[in-house]
There are 2 protein chains.
Amino acid sequence: MKLNMNKEEFRKFLLHAPQSKVMQYIEDVHPVDILDILRDDEEDAQDILGRLPENYIAQIIDEAETEEKYHFLMQFSENKQKNIMEAMSSDELTDLLGILDEDQANKLLARMTEEDARKVRQLLSYEPDTAAGIMATEFICIKEYMNVEETLRYLQANQEEMDNAYNLYVIDSLDRLKGVVSLKDLVSSAFTTSIREIIQTNVESIPYHMDQEEVGHLFEKYGYLTMPVVDHIGRLLGIVTVDDVMQILRDENTEDIHKLGGVGEGEKLNGTLKESVRSRLPWLLVNLLTAILASAIVGLFEGTIEKVVSLATFMPIVAGMGGNAGTQTLTVMVRGLALGELDYKHIKKVLFKEIGIGTITGISIGCIIAVLGYMWEGNIIFGLVIGIAMVLNMIVATLSGFTVPIVLKKIKVDPALASSVFVTTFTDVLGFFFFLGLATLFIHYLV
Amino acid sequence: MKLNMNKEEFRKFLLHAPQSKVMQYIEDVHPVDILDILRDDEEDAQDILGRLPENYIAQIIDEAETEEKYHFLMQFSENKQKNIMEAMSSDELTDLLGILDEDQANKLLARMTEEDARKVRQLLSYEPDTAAGIMATEFICIKEYMNVEETLRYLQANQEEMDNAYNLYVIDSLDRLKGVVSLKDLVSSAFTTSIREIIQTNVESIPYHMDQEEVGHLFEKYGYLTMPVVDHIGRLLGIVTVDDVMQILRDENTEDIHKLGGVGEGEKLNGTLKESVRSRLPWLLVNLLTAILASAIVGLFEGTIEKVVSLATFMPIVAGMGGNAGTQTLTVMVRGLALGELDYKHIKKVLFKEIGIGTITGISIGCIIAVLGYMWEGNIIFGLVIGIAMVLNMIVATLSGFTVPIVLKKIKVDPALASSVFVTTFTDVLGFFFFLGLATLFIHYLV
């Protein structure tokens, strides 16, 4: 059966069609699509949720944002909450509990099965943005001495645990990970093949404390679908799956883009005015400080500007173009650092390249602006002063665009967050200083 | 066997260990790890490749960047090229041929099996950045009337085609996609279960012409591992896998980040000086134009600045802070548009929110700077002029940060690419205009 309704028709169907029809129909519908409908209208959401089976509700809540999970779950009776939570996956339950206060969390823990509560308590003890914080504990373990047919029969008997399984994990008697058997190899091997023959033993496993962003880059690099998470002695703790990783990478990318644009963490397009002001005003205030610093430099030279007022006209070009060039370099650097592309062996080469870029673009822009300055003021020295200031500032721009992110990374400050403030401070302050300083030096030729 | 060597030891092992040992060892090594070593040293690369089996070389070339593929392949004799290409996957072969000139491409096509050449020719006919352009044609089809045991025996007999299979595709007699059977369901169902019982029929398939970025967002949203690509009458053409999609999303994110930072397409941290200058200079020149435009506004008011030279000192603050606020808004907008988060139903709400942000942050920053201006110049009107100009410019900033990306998207220009030029032009030009214009209006109170 293929979904042939638009969103509105589907909403009406969910609300009014006979429940048996709904049950049959949604079997083939992705929970995310229902989630979309639930998000649109609070009242309808409650009615629709009331008509869905518990295990399907669990799937929807698994897919929901962490803040939504609690909201949805609370719409049900205690008993129904129990059943829904039992069908939810352990990592999502952990995310949910992670944002509740102790009181709320304890109430929910009391409603879980003993096994689930133990799992979730364990998961809550890990740092949320590490491998262990994002792993699920649903996975299937088999033994080396089994053969393919025995394995298949074992899986057939343990169907309900197959939730996210793309791989089977082979562990030894001490729970240590020995290797992996992919379903692909399992289904394409003769029934009598021993697991020993199709096991992959050199399995890249993730230490439980690895940062989630680093985990994401491993998935990107190797194209894995799942990776096992192990503790310090190699015992299998859980698995991380690629779909969770994609969400993480998307959020990390959004965060990096926002930070580069001077927007605080967690601002959402559809968030509230208060949230936005809170995420943006602090950065504007930091920028205000650097703007005041740059203006103070201009203030030092008011005497010079008074004599040659055209300096005020060209001032913003020198500082602004430096800012643009600096932003270019820091953008390439910050992204390269985030993707782990900066090879410290070649760091000198990149540095010299950036100085080269600053010099070449500086001379290009500097020549244009020197001619323009000469034409405006009718004074060749005026043109030279602005041209030389431009070249100098462009070199400062690429140099600081290169250096600032590396230094910030070394002192463990996120380069995406703070680089642009520092770089524009450098280019503004030094841009004004070079230009107005040179003008003061050559003031006799300018008036 | 677990990899217990560092990169240098591993390189030496690959170069000097007996070939039989190398063969055995690399069975468990991810081709990407060998690729890392090959990239380091041209000469060693040739020696190492010479010692690896053809099907493993094919895997390495599959993982390599498109430009590297040809380079690696060309190191082998014609005959070896043939065997390597036969083991490569069709989408990677297509990528490779896509960057060659006709002559080179024809030579390689002549060395492929007839079947491969036909597949690749077909794949080359699709737009490279659509679903069909990134799909692979290796997939496994089964029939509805089979049961689980028959399917398993079929897979066992067609082992070599299981390359990237996580799902089996059920097609009808006209090759139209009827549904999907996941390996997970296959291995956990009793041998006598009919495929009909475990088929999922409501399969989200991708039309072959869908843009690859859109494909990426479908994978992100639903957490799929593979999606089938169909033609206009629903025939199965190929499959897209999540690992390819992750690369695409990563590259699109890099591109967006670079564009927002004013860096042209395809610049790489480890690229050449020439490439970098070529990607950055054009944007600097565009920015120069807008800087000149802004300066021209200042030039209009030289008479006013001559009378009150402190205007030159505060000028950069008004324009710069507007630029910062505009960048914040456009960053949130551009990222929201890229992720498809902007719901046109709520567009008015977002607009009013942005005006609100501009007003609130404008008044906050405006008050601070008004006091500062008053203190610097000892003139309350001077303070008021700069404060009011600041509020006005902050509102312009958030308004243009909101409007520009939407308009660009509507006229099908990439918002990430051009938004920031337009927004900073607005904030610079209008910032100077408000500030110096107001100063001119109230000049009698300022001197």
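I took a salt bridge to be a side-chain nitrogen of Lys or Arg within 4 Å of a carboxyl oxygen of Asp or Glu. The model is predicted, so I kept to its limits: local features need pLDDT of at least 70, side-chain atom pairs count only at pLDDT 80 or more, and totals for chains, interfaces and linings use all residues. Side-chain values use heavy atoms without hydrogens and water, residues are numbered from 1 along each chain as its sequence is written, and chains are lettered from A and ligands numbered from 1 in the order in which they are written.

Entry: charged pair in chain B.
I found B:Arg11 and B:Glu8 joined by a salt bridge, 3.2 Å from N to O. They sit three residues apart in helix α1 of chain B, so about one helical turn separates them. For helices I used DSSP runs (H or I, at least four residues), numbered from the N terminus. I counted a residue as buried under 20% relative accessible area, exposed over 50%, and partly exposed in between (1.4 Å probe, protein chains only). B:Arg11 is buried at 6%, while B:Glu8 is partly exposed at 41%.

Entry: charged pairs in chain A.
I noted 38 salt bridges over all chains. In one of them, A:Arg11 meets A:Asp40, with the closest N and O atoms 3.2 Å apart. This pair links distant parts of the chain, helix α1 (residues 7-16) and helix α3 (residues 31-40) of chain A, 29 residues apart. A:Arg11 is buried at 6% relative accessibility, and A:Asp40 is partly exposed at 34%. I also saw that A:Arg11 and A:Asp40 belong to a network of salt bridges with A:Lys7, A:Glu8 and A:Asp44.

I then checked A:Arg280, which forms a salt bridge with A:Glu267 at 2.7 Å, N to O. A:Arg280 lies in helix α17 (residues 273-300), and A:Glu267 in the loop between α16 (242-260) and α17 of chain A, 13 residues apart. Both A:Arg280 and A:Glu267 are buried.

Entry: helix α2 of chain B.
Which residues of helix α2 (residues 19-26) of chain B are buried? I listed B:Val22, B:Tyr25 and B:Ile26. Seen down the axis of α2(B), they fall within an arc of 85° (taken from the directions from the helix axis to the C-beta atoms), so they line one face of the helix. B:Ser20 and B:Gln24 are exposed on the face turned away from the buried side. The buried residues pack against α1 (7-16), α3 (31-40) and α5 (54-63) of chain B, contact meaning heavy atoms within 4.5 Å.

Terms used: Helices (H or I, at least four residues) and strands (E, at least two) are DSSP runs, numbered from the N terminus.
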